[in-house]
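Hello,

Here is the structure I said I would pass on. My notes on it follow below.

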Amino acid sequence: MQNRQLVTAPWRQALRQSLTLLALALILSFVVNSFRSNSLPWIETSGSPLKETGLEISLEEAQIFYLTGQAVFLDARSPEDYRAGHIEKALSLPWVHFAERASEALSGLGKETLIIAYCDAGCGLSQELAMALIAQGFTQVRVLANGWSAWVQHGLPVATGP
């Protein structure tokens, strides 16, 4: 039994020393990074997934298309949210009802029609709606990030009801 402890003791000591060195290296890296004038971020944040798709449209651009009547706005939120308030003249096409309502909501729209999908802050439904529209052959689809909140915040035309 004593021989076994002697054989395993060096491994324990090596492991303990390795962990100690690792902890010291981590502490040193935190300290050095905190004193750098251009310190590195601890957590890398990638860009918005929406921006990476190339579908995002700015509020200013969306407003121009709205005012000139060059785009159709689709509200991807629930029917209740749409009735409570939506971009004036926007059509309701809730993402959760896409399969049942798409053909009715999109009837009369050409595949080249500029469509701007929106929902609200933190909502990814408009992106899902946009991707589904693209899959159906629509070529000019954009997403207004934080659409409803941004629209209201800037005092742009809104409506309530069906």
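**Aromatic cluster**

Y66, F73 and W151 are joined into a cluster by ring pairs. Please keep in mind throughout that this is a predicted model. The count of aromatic pairs comes to 4. For Y66 and F73, the ring centres are 5.8 Å apart and the planes stand at 75°, so this pair is edge-to-face. Both Y66 and F73 are buried.

**Helix α5**

Helix α5 covers residues 98-106, and its buried residues are F98, A102, A105 and L106. Viewed down the axis of α5, these buried residues fall within an arc of 85°, so they line one face of the helix. What do they pack against? The partners are β2 (72-75), β4 (91-92) and α6 (125-135). E100, S103 and E104, on the other side of α5, are exposed. After α5 comes G108, which has a positive phi, near 90°.

**Q136**

Q136 lies in the loop between α6 and β6 (140-144). Leaving out neighbours within four places in sequence, Q136 is in contact with F98, A102, L106 and K111. Among these, F98, A102 and L106 belong to the buried set of α5. Along the chain, Q136 and A102 are 34 residues apart, and their C-alpha atoms are separated by 9.9 Å.

**S126**

S126 sits in helix α6. Its relative accessibility is 4%, so S126 counts as buried; the cut-off for that label is under 20%. Which residues does S126 touch, if those up to four places away in sequence are not counted? They are A76, A117, Y118, C119 and V143.

**Surface patch**

L15, L19, L22, L26 and F30 form a nonpolar patch on the surface. Together these residues have about 500 Å² of accessible area. One of them, L19, is placed in helix α1, which runs over residues 2-35.

That is what I have for now.

Regards

How values were computed: Residues are numbered from 1 along each chain as its sequence is written. This is a predicted model: local features need pLDDT of at least 70, side-chain atom pairs count only at pLDDT 80 or more; totals for chains, interfaces and linings use all residues. Side-chain values use heavy atoms; hydrogens and water are left out. Patches are made of residues with over 30% relative accessible area and no salt bridge: like charges are joined within 9 Å, nonpolar side chains (Val, Leu, Ile, Met, Phe, Trp, Tyr) within 5 Å. Accessible areas come from the Shrake-Rupley method with a 1.4 Å probe; for residues, only the protein chains shown count as cover. A salt bridge is a side-chain nitrogen of Lys or Arg within 4 Å of a carboxyl oxygen of Asp or Glu. Helices (H or I, at least four residues) and strands (E, at least two) are DSSP runs, numbered from the N terminus. Buried means under 20% relative accessible area, exposed over 50%, partly exposed in between (1.4 Å probe, protein chains only). The arc is that of the directions from the helix axis to the C-beta atoms. Contact means heavy atoms within 4.5 Å. Rings of Phe, Tyr and Trp (its six-membered ring) pair if their centres lie within 6.5 Å; planes under 30 degrees apart count as stacked, over 60 as edge-to-face and the rest as tilted.
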